[in-house]
Amino acid sequence: MMSQGQGLRLISYQSRPNVSHPFLLTAHTLQPSRSWNHFSFKTPGMPKPFHLQLPLPLPSHNSHQTQTGTQDDGIPIDDVKVIAKFKTRYNYIRVLQVSRRADHPFAGSRLLLLDSPGNIHSISFLFKSLTNTYFDVFATLPPILPPGAVGILGFGAGSTARLMLELYPDLIIHGWELDPSVVAVGREYFGLEKLEKQYPNRLFISIGNGLKASIRNGFAGILVDLFSKGSLIPELQEPSTWHKLRKSLRKGGRIMVNVGGSCVEAEDEGRNGKMVMEETLKAMHRVFGDKLLVLNLRNRKDDDSSLALTGELAVPDRDAWKKALPHSLKGYVDMWAPYQG
């Protein structure tokens, strides 16, 4: 890891998509259950309630704007259509289409669910690049990395890869996904096949265990988004996993992790999202020490989601990082804070 005296080597990218600021929440209330972004509703032909666990929206960076919605905002039943549903060895896959008429930030989006609780693992919009979820935070990582490829462990349908390939014209991405059916769904319903054809020399997808991912000379950065049955995989609560991932980095490389939180609902009630998040951060801290930062997407006291980032980040480094980012992503830089175990 770089010392504070060395500072960061930042890469400035000029290609910036035409995207707006994060959305504001204004919507209908639809029988919310135990968290503001978790809804139960009946879909025609489905005898049991259908659960949708929406990722926490990111805060708006426009000071003149206010969030007009409440914790109980939801997507109306008539505005959601299930376009694919099947089970595989690893996942309960469902693809949802949200109507463009919906009065909701996810209007016009396509969502990928991989577990019974209905946690969203990928999202795409037809006419927008930003998602207003943690995928946007993932996309801020490349400017503070040394030259080299980025690995995405838990590739899903390619939400993070799509945004990063558009933002950073020289970036090479290697993605790992355990379930081949998830990649197949990404190609059929989320434009992944088109993305692969558009960037044949910059996007490479492997089927397999992401924790075994490696490339020659190491990764410049690694994005970790590894969930199973609605919970962070148990290996991420083991320091040995983080020792191994750190060894797969090149000098100056960093790891950014979706560590979940209380907003994440697991199939196993014993895998409490907040508890698993805390155990994961403790394991990371044992390996990275004080070179560990946390970004909290707290919406209310008992409902939050967090990301973790390895490496030091001094004030001058933050300023340079913001200058290298598109305007819509700059505000996330100041949200990182040292881990307080």
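The legends below describe close-up views of a predicted model.

**View 1. The second largest pocket and its lining.**
The second largest pocket holds about 450 Å³ of space. It is lined by 20 residues, and those closest to its centre are F125, L126, R162, F190 and G191. Two or more lining residues come from each of the elements β7 (109-113), β8 (120-125), α2 (159-167) and α4 (192-198). Helix α4 gives the largest share of the lining, with three residues. Sorted by class, the lining of this pocket has seven nonpolar, seven polar and six charged residues.

**View 2. N119 in the loop between β7 and β8.**
N119 is found in the loop that lies between β7 and β8. With a relative accessibility of 7%, N119 counts as buried, because the cut-off for this class is under 20%. Its side chain reaches the backbone oxygen of E265, at a distance of 2.7 Å.

**View 3. A salt bridge in helix α4.**
Five salt bridges are found when the whole structure is searched. One view is given here to the pair K197 and E193, whose side chains meet in a salt bridge with an N to O distance of 3.8 Å. K197 and E193 are four residues apart in helix α4, so about one helical turn separates them. K197 is exposed, its relative accessible area being 63%. E193, by contrast, is partly exposed, with a relative accessible area of 40%.

The side chains of K282 and E279 form another salt bridge, for which the N to O distance is 3.7 Å. K282 and E279 are three residues apart in helix α6, so the separation between them is about one helical turn. K282 has a relative accessibility of 45% and counts as partly exposed; E279, with 37%, is likewise partly exposed.

**View 4. The buried strand β17.**
Strand β17 (residues 306-310) is largely enclosed by the rest of the structure, because five of its five residues are buried. In a regular strand, side chains alternate between the two faces of the sheet. Both faces of β17 are covered: the buried residues are S306, A308 and T310 on one side, and L307 and L309 on the other.

**View 5. The strands paired with β17.**
Strand β15 (residues 249-260) runs antiparallel to β17 and is joined to it by four bridges. Within this pairing, A308 of β17 stands opposite V257. Strand β16 (residues 292-296) is also antiparallel to β17, and five bridges join these two strands. Here the bridge partner of V294 is A308 in β17.

Notes
Residues are numbered from 1 along each chain as its sequence is written. This is a predicted model: local features need pLDDT of at least 70, side-chain atom pairs count only at pLDDT 80 or more; totals for chains, interfaces and linings use all residues. Side-chain values use heavy atoms; hydrogens and water are left out. On a 1 Å grid over the protein atoms alone, a cavity is a set of points where a 1.4 Å probe fits but cannot get out, and a pocket is an open set with protein on both sides within 12 Å along at least five of seven lines; lining residues have an atom within 4 Å of a point. Grid points are joined across faces, edges and corners, and a volume is the space filled by probe spheres set on the points. Ala, Val, Leu, Ile, Met, Phe, Trp, Tyr, Cys and Pro count as nonpolar, Asp, Glu, Lys and Arg as charged, and the others, Gly among them, as polar. Buried means under 20% relative accessible area, exposed over 50%, partly exposed in between (1.4 Å probe, protein chains only). A polar contact is a pair of N or O atoms within 3.5 Å; within protein, one must be able to donate a hydrogen and the other to accept it, and residues adjacent in sequence count only if both atoms are side-chain atoms. A salt bridge is a side-chain nitrogen of Lys or Arg within 4 Å of a carboxyl oxygen of Asp or Glu. Two strands pair if DSSP finds at least two bridges between them.
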